[in-house]
Amino acid sequence: MRVDGKQQRTIWLAEDGASVCVIDQVRLPHAFEILTLRNLDDAARAIRDMHVRGAPLIGVTAAYGVALAMAVGASNADLAQACSTLIATRPTAVNLAWALGDMRHHLLPLDPARRKAAAYQRAAAMAEEDVALCQAMGHFGLDLIRAAAGRKAGPVNILTHCNAGWLACVDWGTATAPIYAAHEAGIPVHVYVDETRPRNQGAALTAWELGRHGVPHTVVVDNVGGHLMQHGMVDMVIVGTDRTTASGDVCNKIGTYLKALAAKANGVPFYVAAPSPSIDFAIDDGCADIPIEQRGAEEVTHMSGLTDAGTIARIQVTPPGSPVMNFAFDVTPADLVTGLITERGVLAATKPALAAAFPERVMPEARVAARA
Ligand code: MRU
């Protein structure tokens, strides 16, 4: 996507052909800085501390993390060690396990001497595949927005939560791909951007990327979505997903479930952009089977932002000593989901629909039981 007129991705190989560059998302929106990952620990830290975040980008960064590790040592033990370091960084987005499984699948059959080059190649290919998946979702989601535009005058109002934009992927984004496609096609769109406390990925990241690309948007506090929907101000909700089950339950950033409930109550279509690496065909029940990340209390007790003096400051918003809880994700049951926008079309959020669209990913019951 464009940043100040320049084409930009979130992750790329550095000029030395060995290190990996990423946009430092902890610094956005007030500073645009590039972080260089030089080894496995840099990659693991970048994911854990959310310098990179968003399910697809976590997966691609992990793949490059394996490549960085293979550059130092490429035995089976080195590969296993790299994968166990990376898998421990964040628990909810299944793209991480998917990407590491894919890297193991490609590297294990090779002689260790060939693994470094193969790992860089596969990580780069994974990044390209992610772009293609997002473009395909953009293509299918565009039809939904075009149809909505045909039913009304004025812009199509779309509410989104968190950042499922290009910053969460390599390019285009998942939930934002249809929005960017509609914008490029000249269909008027306007996006309500949930701020997404506690880390404010909406206010800080989605607003930034939509603004840089010239897409009309309005940042709203997390609690306003129900009110907007009650008053006919939202034509559709489009969100991303960190893990969708074989039955169509959707795990995404905390607060997504409340938006789905409000959408159902007000007859607003609720779409989830779900590329296949975000679908976990080994589990059915999102509430029972998806590990929900709990993050540090300071994300809730404190906020940081730009002062009038132009410096970044961190302030405390809770009384000292008040206990805090910080679940980072929640599960939206499949029956609240109008449709899953995948790279193979817009699907019902049901087991038969997912199995029919992705027959090669369906797991025999025995393998599901083994993974559980
Ligand atoms: O904690 P984050 O910022 O990694 O959470 C990101 C989200 O919840 C996104 O909606 C999800 O990863 C889909 S990204 C295309």
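This passage describes the overall fold of a predicted protein model and then two of its helices, α2 and α6.

Because the model is predicted, local features were considered only at pLDDT of at least 70 and side-chain atom pairs only at pLDDT 80 or more, whereas totals for chains, interfaces and linings use all residues. Residues are numbered from 1 along each chain as its sequence is written, and side-chain values rest on heavy atoms, with hydrogens and water left out.

The protein chain contains 13 helices and 18 strands, where helices (H or I, at least four residues) and strands (E, at least two) are DSSP runs numbered from the N terminus. Its C-alpha trace spans about 60 × 55 × 45 Å along the principal axes. Among contacts (heavy atoms within 4.5 Å) with a separation of 6 or more, 74% join residues 24 or more positions apart.

Helix α2, comprising residues 55-70, has 16 residues and reaches 23 Å from its first C-alpha to its last, close to the expected 22 Å, which is calculated as 1.5 Å times one less than the number of residues. This helix is largely enclosed by the rest of the structure, because 16 of its 16 residues are buried. Met70 lies in α2 and is buried, with a relative accessible area of 3%. Leaving aside neighbours within four places in sequence, Met70 is in contact with Asp78, Leu79, Leu107, Arg115, Lys116 and Ala119. The C-alpha atoms of Met70 and Ala118, which are 48 residues apart along the chain, are separated by 9.4 Å.

Helix α6 (residues 176-184) is also mostly covered, with seven of its nine residues buried, namely Thr176, Ala177, Pro178, Ile179, Tyr180, Ala181 and Ala182. These buried residues pack against both helices and strands: the helical partners are α5 (112-150) and α7 (201-213), and the strands are β6 (156-160), β7 (189-194), β9 (236-239) and β17 (339-342). Just after α6, Gly186 takes a positive phi of about 85°.

Key
Buried means under 20% relative accessible area, exposed over 50%, partly exposed in between (1.4 Å probe, protein chains only).
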